[in-house]
Amino acid sequence: MDPQEYQQLEQQMTPPTPYLKNVLKAFFVGGIICTIGQAITYLYVIFFNFTEQTAGNATVATMVFIAMILTGLGLYRKLGQFAGAGSAVPVTGFGNAVISAAIEGRTEGFVLGVGSNMFKLAGSVILFGVASAFFVALIKLILVSVGVLEW
Amino acid sequence: MLFFNFLIAFIVGGFICVIGQLLMDVFKLTPGHTLSILVVVGAILDGLGLYEPLIDFAGAGATIPITSFGNSLTHGALAEAEKHGWVGVLTGMFEVTSSGISAAIVFGFIAALIFKPKGKAN
């Protein structure tokens, strides 16, 4: 069988992507996770004297904590299979990527396994976040010093 | 009013996840590529001054999706750059973002202590 035939066969065999269903699932699960985040933000504002600005950081940390519990119990993986991007895009998905890699790494020991593998999945997010933030800030700094923009 | 804020968070957060799902389904990107793109988009939006208004509008709907990670990295870098110039771009970067990364590291370590691996990725 030549590669072209194989490709044709593969296309016939793969079930079509259920676009609408996937989008709806991502929307609802992602929306619910953000709603939970909103509730946690209000808890910090009302009971711990955070402002709505500073509560953001505490909320993110709390959400990652919840992700730890769900990941450890193997529930986040099931949620991910159902929700796709709905559970991957919120910060809990970032937490899940770090935490599941850490748990998996345990079999190779804490230094070479947990330590080295922790950012195996999430590392690209940090790399591109930091790199793009660097260039965006640099461009803005240049534009301000040239006088095109103001802070 | 409170209910309205929850609804906005739900819709905006859900909508950002839909963009991620479309990147994965329509453009056949891996989750890693999708999340990287969203982070870069968040950083650029903050550079254009658009992400803070979105947070004011949508609250957790804008702070919980990974785009806010790019936003807060850029935000820290810009805030320090305004005060200290060139050096600030590097020193300010993790000022705002630190909670997400430190939480992930600390809880990842604790999880590795408590939980046993269950075969294929948890």
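How are α3(A) and α7(B) oriented to each other, roughly parallel or roughly antiparallel? I opened the notebook with this point, and I note at the outset that the model is predicted.

**Entry 1: α3(A) and α7(B)**

I looked up the axes of helix α3 (residues 55-72) of chain A and α7(B), which come within 9 Å and cross at roughly 25°. Angles under 35 degrees count as roughly parallel, and α3(A) and α7(B) are therefore roughly parallel to each other. I recorded the crossing of α3(A) past α7(B) as right-handed.

I then listed the residues that make this contact. From α3(A) they are A:Asn57, A:Val60, A:Ala61, A:Val64, A:Phe65, A:Met68, A:Thr71 and A:Gly72. From α7(B) they are B:Ser99, B:Gly100, B:Ala103, B:Ala104, B:Phe107, B:Ile110, B:Ala111 and B:Ile114.

**Entry 2: α8(A) and α5(B)**

Next I examined helix α8 (residues 123-146) of chain A against α5(B); their axes come within 8 Å and cross at roughly 35°. This crossing of α8(A) and α5(B) is right-handed.

On the α8(A) side I noted A:Val125, A:Gly129, A:Val130, A:Ser132, A:Ala133, A:Phe134, A:Val136, A:Ala137, A:Lys140 and A:Leu141. On the α5(B) side I noted B:Phe69, B:Gly70, B:Leu73, B:Thr74, B:Ala77, B:Leu78 and B:Ala81. The residues of the contact of α8(A) with α5(B) comprise twelve nonpolar, four polar and one charged.

**Entry 3: the whole contact**

I turned to the totals for the two chains: 65 residues of chain A and 61 residues of chain B take part in the contact. On the side of chain B that touches chain A, the elements giving two or more residues are α1 (2-25), α2 (31-47), α4 (60-63), α5 (67-84), α6 (86-91) and α7 (93-114) of chain B. Of these, α1(B) supplies the largest share, 15 residues. I counted the side of chain B that touches chain A by class as 40 nonpolar, 18 polar and three charged residues.

**Entry 4: the record for chain A**

I consulted UniProt, where an unreviewed entry lists residues 26-48, 55-76, 82-103 and 124-149 of chain A under "transmembrane region". I checked two of these stretches in the model.

- Residues 26-48 of chain A are 96% helix and 0% strand, with the end C-alpha atoms 32 Å apart.
- Residues 55-76 of chain A are 91% helix and 0% strand, with the end C-alpha atoms 24 Å apart.

Terms used: Residues numbered from 1 in each chain as written. Chains lettered and ligands numbered in written order. Predicted model: local features only at pLDDT ≥ 70, side-chain atom pairs only at ≥ 80, totals over all residues. Contact = placed C-beta atoms within 7 Å. Helix = DSSP H or I, 4+ residues; strand = E, 2+ residues; numbered from the N terminus. Nonpolar A, V, L, I, M, F, W, Y, C, P; charged D, E, K, R; others polar. Axes fitted to C-alpha atoms, helices over the stretch in contact; angles between N-to-C directions. Parallel < 35°, antiparallel > 145°, perpendicular 65-115°, else oblique. Left-handed = near helix turned anticlockwise from the far one by under 90°. UniProt positions renumbered as here; feature names shortened; annotations may be inferred.
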